[in-house]
Amino acid sequence: MHVTAKVDYAVRMLLEIARTQPHSVKSEIIATAQGISPKVLESLAAELRRADLVVSRRGPDGGYRLARPAEQISVADVIRAVEGPLASVRGQRPEDVVYSGVAEPLQRVWIALRVNIRVVLEQVSIADIATGELPDFITDLVRDPGAWTRRPAPAGTASTETGTARADIGSGGRHSS
């Protein structure tokens, strides 16, 4: 799983907006508070508006507000708004991929991966993060010392575990599912 800068910035933008609710917050304040380029922020804001996650208003009292309560915006909603599906295989949804022969069970592995991604990302809201009151299952997951340990990449690969906010299964790039 690779969390892109775009997803990271979008979540942080929504956290700053949530912090000021019910008042609007200007993009300059968000940019300064989170160290995000104003141009990048404006581009993200347009995507978040199209996804009905934020609303904006021009003028001296203008700025951004959440389009619905922070409790109703999940991290998964943000990812889908700016990057597309949470998991895809070579640009297809896992349920649309067909394998034959020995690889046939692989589709179920990709679907199980998506289920587990959803378990976390759909259950954590912008409000949870903004208030610092994460769901108990997050605390349980990160309490495991293995959660903090990097796994070595297979020998001969350039891969690391730092990598978009969806599971890029197969080839990288924007996904259509």
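Seven salt bridges were found in a search of the whole structure, which is a predicted model. One of them joins the side chains of D8 and R12, with N and O 2.8 Å apart. D8 and R12 lie four residues apart in helix α1, and are therefore separated by about one helical turn. An α-helix has 3.6 residues a turn, so residues three or four places apart point the same way. D8 is partly exposed, at 33% relative accessibility.

R143 is exposed, with a relative accessible area of 57%, while D140, at 46%, is partly exposed. A further salt bridge links D77 to R68, where the closest N and O atoms are 3.2 Å apart. D77 counts as partly exposed at 24% relative accessibility, and R68 counts as partly exposed at 27%.

Together with V142 and W148, L141 forms a nonpolar patch on the surface, with about 350 Å² of accessible area in total. L141 is partly exposed, its relative accessible area being 46%.

In soluble globular proteins, nonpolar side chains tend to be buried together. The largest nonpolar core of this model has 36 residues, of which M13, L14, I17, L48, L66, V78 and I126 touch the most other members. At least two residues of this core come from each of α1 (5-20), α2 (27-34), α3 (38-50), β2 (63-66), α4 (75-82), α5 and α6 (126-131). Helix α1 supplies the largest share, eight residues.

Helix α5 (residues 106-121) has 16 residues, which should span 22 Å at 1.5 Å a residue; its end C-alpha atoms are 23 Å apart, in agreement with that value. Within α5, R114, I117 and L121 are buried. The buried residues of α5 fall within an arc of 60° when seen down the axis, so they line one face of the helix. R108 and N116, on the other side of α5, are exposed.

The loop between β1 (54-57) and β2 contains P60. P60 has a relative accessible area of 77%; it is exposed because this value is over the 50% cut-off. Between P60 and K26 there are 9.5 Å in space, C-alpha to C-alpha, although the two are 34 residues apart in sequence.

Definitions and conventions: Residues are numbered from 1 along each chain as its sequence is written. This is a predicted model: local features need pLDDT of at least 70, side-chain atom pairs count only at pLDDT 80 or more; totals for chains, interfaces and linings use all residues. Side-chain values use heavy atoms; hydrogens and water are left out. Patches are made of residues with over 30% relative accessible area and no salt bridge: like charges are joined within 9 Å, nonpolar side chains (Val, Leu, Ile, Met, Phe, Trp, Tyr) within 5 Å. Accessible areas come from the Shrake-Rupley method with a 1.4 Å probe; for residues, only the protein chains shown count as cover. A salt bridge is a side-chain nitrogen of Lys or Arg within 4 Å of a carboxyl oxygen of Asp or Glu. Buried means under 20% relative accessible area, exposed over 50%, partly exposed in between (1.4 Å probe, protein chains only). The expected span of a helix is 1.5 Å times one less than its number of residues. The arc is that of the directions from the helix axis to the C-beta atoms. A nonpolar core is a set of buried Ala, Val, Leu, Ile, Met, Phe, Trp, Tyr and Cys residues joined through side-chain atoms within 4.5 Å.
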